[in-house]
Amino acid sequence: MTIKFWQKLVLLQLLTLFLAWQFFRYVDYVLNVITPESFAFDFEAIAVVNFVVLVSVISLSLTIFQQKRLVLITSGVVGLVYLLVFGWTYVNWVGAGTVILLFLLAQHYGIEEIDQRTKINPRTIVRRAAPAVIMAFFVLTSFAAYQSPVAKGIADARQLPSASEQFMRTIVESVVGGQIPAGPEREGIISRVTKETIQQFNDILKPYFQYAPPLLAFGLFLILWGLSWIFVWLSVLVGMLVFWILKKTGFIKIEEKDIKAEILII
């Protein structure tokens with residue numbers, strides 16, 4: 001049975017809806033589990049797999065259909081799921097609007113890759129489109145972190161998280177620990193120096209703790225974007241597999257045709 005165009009569109013959007021829901025549900029879990037006292041959470045490898053498949057599906061679908069309205073539909077699906085999970089705030093609406101722009105960019109790069117080559121290569125298509133798609137999800141994640149309980153907790157507490165005390169203690173031990181003779185008083189001296197150092201930092205940073213949410217969000221985005229190349233290449237591998245499945249199942253077909261090419265004459 002031949003699958004009609006609208007049926008293909010619905011199937012891809014349902015898959016996007018499911019994968020986006022799973023991704024944002026996990027992000028919401030992480031942002032609600034971590035606290036200013038502890039940034040520990042249960043890492044789920046399946047969440048990474050889910051995200052990579054999501055990026056691959058969106059990158060390919062935006063390029064395969066080559067229609068601007070698909071960008072609005074796909075970004076609408078992703079944006080709606082994001083708003084349902086994290087709330088209908090002005091910040092989240094801005095994030096949803098940013099997704100449209102980045103998905104348009106992803107589609108442009110994907111179509112450009114097809115138009116400039118004589119053979120369809122899913123590897124290069126996903127490699128060109130995936131960075132913009134990944135950036136869209138990282139922006140949404142950063143906006144969610146901006147409104148998260150941990151960001152608000154740091155801003156309200158007006159002091160460094162207690163977890164930073166252990167980090168500071170390690171630094172104190174490495175700097176001055178060797179200069180203190182071993183004995184029962186050594187631990188007391190290190191503890192006292194650590195607390196005094198933390199207190200000094202709190203006094204210096206106190207006026208700036210109100211900016212903790214945007215700083216946390218921006219810092220998270222920089223960390224995630226620094227790791228983006230990993231997700232790009234994982235998405236390329238998965239995208240090649242997805243493209244092969246779509247081709248074998250008859251979801252997409254590749255036909256040859258004669259095309260005109262420009263030549264330079266001197």
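Colleague: Leaving aside its neighbours within four places in sequence, which residues is Phe137 in contact with?
Modeller: Bear in mind that this is a predicted model. Phe137 is one of the residues with the most contacts inside the largest nonpolar core. Skipping neighbours within four places in sequence, the contacts of Phe137 are Phe23, Phe24, Phe51, Leu54, Ile58, Val78 and Phe103.

Colleague: And how many helices and strands does the secondary structure of the chain come to?
Modeller: Reading from the N terminus, the elements go α-α-α-α-α-α-α-α-α-α. That makes the tally ten helices and zero strands.

Colleague: Which element gives the most to the largest nonpolar core?
Modeller: This core has 59 residues, and Phe24, Phe51, Ile58, Phe103, Ile134 and Phe137 have the most contacts inside it. At least two residues each come from H1, H2, helix H3 (68-86), H4, H5, helix H6 (149-157), H9 and helix H10 (228-248). With 14 residues, the one that gives the most is H5.

Colleague: Is Phe51 buried or exposed?
Modeller: Phe51 sits in helix H2. Leaving out neighbours within four places in sequence, Phe51 is in contact with Phe23, Ile134, Phe137, Phe138 and Phe231. The relative accessible area of Phe51 is 3%, and the cut-off is under 20%, so Phe51 counts as buried.

Colleague: How many Å apart in space are Phe51 and Phe24, C-alpha to C-alpha?
Modeller: Both are among the residues with the most contacts inside the largest nonpolar core. In sequence Phe51 and Phe24 are 27 residues apart, while in space, C-alpha to C-alpha, their separation is 9.6 Å.

Colleague: Let's turn to the rings. Why is the pair of Phe24 and Phe86 edge-to-face?
Modeller: The structure holds 15 aromatic pairs, this being one of them. The ring centres of Phe24 and Phe86 are 6.2 Å apart. Planes over 60 degrees apart count as edge-to-face, and the angle here is 90°.

Colleague: How many residues apart in sequence are the parts that Phe24 and Phe86 tie together?
Modeller: Both residues of this pair, Phe24 and Phe86, are buried. Phe24 belongs to helix H1 and Phe86 to helix H3, so the parts tied together have a sequence separation of 62 residues.

Colleague: What about Phe138 and Phe231: at what angle are the planes of their rings?
Modeller: The centres of these two rings are 6.0 Å apart, and the pair is edge-to-face because the planes are at 80°.
The pair links distant parts of the chain, 93 residues apart, with Phe138 in helix H5 and Phe231 in helix H10. Both Phe138 and Phe231 are buried. Back to the angle you asked for: 80°.

Colleague: On to the pockets. Which element gives the largest share of the lining of the largest pocket?
Modeller: The largest pocket has a volume of about 800 Å³. Its lining has 23 residues, with Ile114, Ile120, Lys253, Ile254 and Glu255 closest to the centre. Two or more lining residues come from each of helix H1 (5-33), helix H2 (45-65) and helix H4 (90-115). The largest share, four residues, is from H2.

Colleague: How many charged residues are in the lining of the largest pocket?
Modeller: Lys253 and Glu255 are among the residues closest to the centre of this pocket. The whole lining splits into twelve nonpolar, three polar and, for the charged class, eight.

Colleague: For the second largest pocket, how many residues of the lining are nonpolar?
Modeller: This pocket holds about 690 Å³ of space. Among the 25 residues that line it, Val30, Phe41, Thr141, Leu220 and Leu224 are closest to the centre. H1, H2, helix H5 (122-146) and helix H9 (212-226) each give two or more of the lining residues. Three of the lining residues are polar and one is charged, and the nonpolar number is 21.

Colleague: One more. Leaving aside its neighbours within four places in sequence, which residues is Thr63 in contact with?
Modeller: Thr63 is in helix H2. Its relative accessibility is 1%, so Thr63 counts as buried. Past the neighbours within four places in sequence, the contacts of Thr63 are Gly110, Ile111, Ile114 and Ile125.

Terms used. Residues are numbered from 1 along each chain as its sequence is written. This is a predicted model: local features need pLDDT of at least 70, side-chain atom pairs count only at pLDDT 80 or more; totals for chains, interfaces and linings use all residues. Side-chain values use heavy atoms; hydrogens and water are left out. On a 1 Å grid over the protein atoms alone, a cavity is a set of points where a 1.4 Å probe fits but cannot get out, and a pocket is an open set with protein on both sides within 12 Å along at least five of seven lines; lining residues have an atom within 4 Å of a point. Grid points are joined across faces, edges and corners, and a volume is the space filled by probe spheres set on the points. Ala, Val, Leu, Ile, Met, Phe, Trp, Tyr, Cys and Pro count as nonpolar, Asp, Glu, Lys and Arg as charged, and the others, Gly among them, as polar. A nonpolar core is a set of buried Ala, Val, Leu, Ile, Met, Phe, Trp, Tyr and Cys residues joined through side-chain atoms within 4.5 Å. Buried means under 20% relative accessible area, exposed over 50%, partly exposed in between (1.4 Å probe, protein chains only). Contact means heavy atoms within 4.5 Å. Rings of Phe, Tyr and Trp (its six-membered ring) pair if their centres lie within 6.5 Å; planes under 30 degrees apart count as stacked, over 60 as edge-to-face and the rest as tilted.
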